[in-house]
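Here are some notes for a colleague who is opening this structure for the first time. They are set out as numbered points, to be read with the model in view.

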Amino acid sequence: MAADDERLDLLLRALADDATVERFWGLTRAIDTPCGRCWVGAITGRGHGRFWVARTSGGRNVAIVAHRFAAALTHGLDVLLDPRNQLTHTCDETTCVTVGDGHIVIGNAQTNTLEWRHRSQQIGSPLRDTRGALGRALAVRAAALEHRSVSAVLAAGLPEIDRYQGMLPGL
């Protein structure tokens with residue numbers, strides 16, 4: 001079996017395995033922000049959750065970005081295999097694993113880039129966090145694990161100018 005085929009087979013089995021799915025959800029926490037659930041497990045250098053799914057026959061770990069695993073649980077693995085699809089964090093929280101409800105939706109690269117450019121300029125946007133995506137994700141994870149206010153931790157990373165003004169109407 002080719003390495004990619006084995007990884008795909010292990011991922012399919014993980015999605016169907018109740019113990020793996022339970023372990024996945026055990027690495028998330030309900031939070032006091034509109035996102036609702038965030039990842040508290042391993043974090044990648046880009047601030048996304050990293051979920052270890054299984055080990056290959058050769059002993060290599062198979063991992064997937066946490067919000068991609070959540071999307072596959074919700075929509076099936078085909079959503080990840082279609083090269084036209086790109087998962088979009090419309091909430092711009094890299095630790096968010098809430099699929100649908102305007103948080104993680106199926107889009108494409110072009111619309112994702114255009115929306116990112118627009119949202120990165122909005123006052124109070126997570127994309128303006130002075131800690132960067134990784135620093136923000138680590139702060140969210142720590143707050144969630146310590147049962148502190150995630151909202152307060154998120155606000156603390158915004159530039160000073162953002163903290164003292166709200167969103168402009170109509171944007």
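1. Helix 7 provides the largest share of the lining, three residues, and by class the lining divides into nine nonpolar, seven polar and four charged residues. Please keep in mind throughout that this is a predicted model.

2. The largest pocket has a volume of about 640 Å³. Its lining counts 22 residues, among which Arg46, His48, His89, Thr94 and Asn112 are the closest to the centre. Helix 3, strand 6 (86–89), helix 5 and helix 6 are the elements that give two or more residues to this lining, and strand 6 gives the most, with four residues. The residues of this lining divide into six nonpolar, nine polar and seven charged.

3. Among the residues that line the cavity are Cys35, Cys38, Glu93 and Cys96. The cavity lining has seven nonpolar, two polar and one charged residues.

4. The largest nonpolar core has 37 residues, and Phe24 and Phe69 are those with the most contacts inside it. Several elements each supply at least two residues of this core, including helix 1 (3–16), strand 4 (49–55), helix 3 (66–75) and helix 6 (132–145). Leaving aside neighbours within four places in sequence, phenylalanine 69 is in contact with Leu11, Ala14, Leu15, Thr20, Phe24, Phe51 and Ile64. In soluble globular proteins, nonpolar side chains tend to be buried together.

5. For the chain as a whole, the secondary structure comes to eight helices and seven strands. The radius of gyration is 17 Å, which agrees with the value near 16 Å that a compact globule of 171 residues would have. The C-alpha trace spans about 55 × 35 × 25 Å along its principal axes, and buried residues make up 43% of the chain. Of the contacts with a separation of 6 or more, 56% are accounted for by residues 24 or more positions apart.

6. Is histidine 118 buried, partly exposed or exposed? Histidine 118 is found in helix 5 (residues 109–119), and it counts as partly exposed because its relative accessibility is 47%, which lies between the 20% and 50% cut-offs. Histidine 118 and alanine 14 are 104 residues apart in sequence, and their C-alpha atoms are 36 Å apart in space.

Key:
Residues numbered from 1 in each chain as written. Predicted model: local features only at pLDDT ≥ 70, side-chain atom pairs only at ≥ 80, totals over all residues. Heavy atoms only, no water. 1 Å grid on protein atoms, 1.4 Å probe; cavity = no way out; pocket = protein on both sides within 12 Å on 5 of 7 lines; lining within 4 Å. Nonpolar A, V, L, I, M, F, W, Y, C, P; charged D, E, K, R; others polar. Core = buried A, V, L, I, M, F, W, Y, C linked by side-chain atoms within 4.5 Å. Buried < 20%, exposed > 50% of the residue type's maximum accessible area, 1.4 Å probe, protein only. Contact = heavy atoms within 4.5 Å. Rg over C-alpha atoms; globule rule 2.2 N^0.38 Å. Points joined across faces, edges and corners; volume = space filled by probe spheres on them.
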